[in-house]
Amino acid sequence: MEIKKLLFVTKFEELCYDALNSLLSLRQANLDHVVFLNVIERDKVAMKRGSGYLKEEEVKLKETANIRFIDWAENLFELGMEVGAYIEVSSLISEILRVIEKEKPDLVVIGRSHKGTLEQLYSRSDITDLTRRVKIPILVFKHMLEDKVVPEEIFRRPLLATSWSSSSEAAVNCLKGLSGVIGQLHVMHVVSEKDLKSSDTHEVQKVRKYERKRLDDLCDAFEEAGIDARPHVYVGDPEKEILKAAKEYQASMVILGTSERNAMLERWMGSISRNIADKSVYPCLLFPSEK
Amino acid sequence: MSKKVLVVDDDPDVRSFVVTVLEENGYIPLVAHDGVEGLEKIQADQPDLVILDVLMPRGSGIRLYRHLKTDEALKDLPVIMFTGIALRSFLKSQKALEEFNGEVPKPDIYLEKPVEPEELVRAIETKIG
């Protein structure tokens with residue numbers, strides 16, 4: 001799978017040109033086309049008692065967005081890339097879905113969800129909504145740490161956390177096409193404590209050996225595709241261990257397959273990929289299941 | 001007989017402005033919302049002139065301009081670029097694309113938005129009378 005065209009969804013506060021710039025290494029893997037999308041939430045221009053529909057506010061917000069997009073587009077056009085832009089008054093998820101339908105991008109880039117915990121519990125986060133409704137990878141971008149510095153090249157040292165699911169397999173298939181882009185890939189699997197059949201040392205070592213062999217085979221496949229890959233087995237709570245590994249190996253990004261749980265179960269119990277995408281400091285590349 | 005002018009622009013306000021200017025000056029306006037629709041209308045309606053934006057969804061004016069200038073049947077169709085993208089960036093983009101796809105002539109008329117109606121009319125008259 002190639003990433004030739006990406007959809008860059010921005011509200012400008014959380015995702016700016018520096019974030020886009022850090023993705024331009026994907027040009028070595030045939031990225032040629034960027035589509036910008038700015039969605040002005042309806043409540044910003046909605047009918048208010050006494051003032052009616054805020055047409056002037058809509059025009060002002062659209063023009064502000066247009067000026068930013070023109071500036072960004074000029075940079076990309078000068079590199080010989082193709083650029084498109086949408087500025088719409090709408091609701092975020094429905095507009096993203098509409099543009100995906102029209103433009104058929106290979107990757108969606110979006111900032112972290114701004115909904116609070118309670119709001120997410122009842123209405124789900126934007127990220128969860130998107131991962132359930134699109135069949136292409138989603139990069140949840142964020143400024144790392146408090147100083148809001150964007151990593152210069154987020155594909156320089158990514159961490160792939162595989163659960164051996166079909167969505168993890170989709171991630172592997174895509175990453176194999178990024179040999180000129182990825183610096184060093186760390187590949188990990190977390191054995192959860194419930195999967196350790198007994199606390200006997202011998203049994204635990206057997207599980208570790210089995211998982212390590214699977215990871216070795218996967219890393220061999222990456223190396224055949226021209227990607228330097230290092231395997232790691234962790235044991236414990238998957239969410240905590242993935243974040244621990246990301247810190248230990250100074251990951252520039254975490255790559256995960258999305259949960260295949262049903263929607264109700266996921267809403268109340270959460271999912272590892274959603275929790276990491278929503279809460280961690282790392283940019284997260286989420287792959288939906290190919291099934 | 002009135003001449004047909006195709007306006008390719010995704011911004012409804014800009015389309016409306018250009019259509020009004022065209023109608024008031026005796027031209028027949030045609031409209032397209034993006035690069036893909038623009039090419040379809042050029043092939044179907046055979047306009048006498050195209051007024052072309054650059055930054056649009058579904059195919060930019062940069063690629064459409066290149067397509068027109070490298071197509072044997074369309075290369076003589078007059079084009080006025082009418083856009084917020086600076087000429088400097090437009091020329092640099094063409095230069096970057098030339099490395100792979102060959103050279104195309106520079107646009108004769110490049111108008112940076114916004115323009116007064118008189119300036120637009122002068123540009124149109126220069127190309128098609």
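Modeller: Before we discuss this predicted model, one term: two strands pair if DSSP finds at least two bridges between them.

Biologist: Understood. In what order do the strands of the open sheet in chain B lie?

Modeller: The order is β2-β1-β3-β4-β5, so five strands in chain B form this open sheet, with parallel pairing.

Biologist: Which are the edge strands?

Modeller: β2 (28–32) and β5 (109–112) of chain B; each of them pairs on one side only.

Biologist: And by how many degrees are neighbouring strands turned against each other?

Modeller: On average by 20 degrees, with direction ignored.

Biologist: How many bridges join β1 to β3 in chain B?

Modeller: Four bridges link β1 (residues 4–8) and β3 (residues 49–52) of chain B, and the two strands run parallel. Within β3(B), Val50(B) is the residue opposite Leu6(B).

Biologist: Which strands does helix α2 of chain B lie across?

Modeller: Helix α2 (residues 35–45) of chain B lies across β1, β2 and β3 of that chain. The angle between this helix and β1(B) is about 165 degrees.

Biologist: Turning to confidence, what is the mean pLDDT of chain B?

Modeller: The mean is 95, and 100% of the residues in chain B reach 70 or more. For the model, ipTM is 0.92 and pTM is 0.89.

Biologist: Now chain A. How many helices and strands has it?

Modeller: Chain A contains 10 helices and 10 strands. Of its 291 residues, 41% are buried.

Biologist: And what share of its contacts join residues at least 24 apart?

Modeller: That share is 79%, counted among chain A contacts between residues at least 6 apart in sequence.

Note on methods: Residues numbered from 1 in each chain as written. Chains lettered and ligands numbered in written order. Predicted model: local features only at pLDDT ≥ 70, side-chain atom pairs only at ≥ 80, totals over all residues. Buried ≥ 20, exposed ≤ 12 C-beta atoms within 10 Å, placed from the backbone. Contact = placed C-beta atoms within 7 Å. Axes fitted to C-alpha atoms, helices over the stretch in contact; angles between N-to-C directions. pLDDT = per-residue confidence, 0-100.
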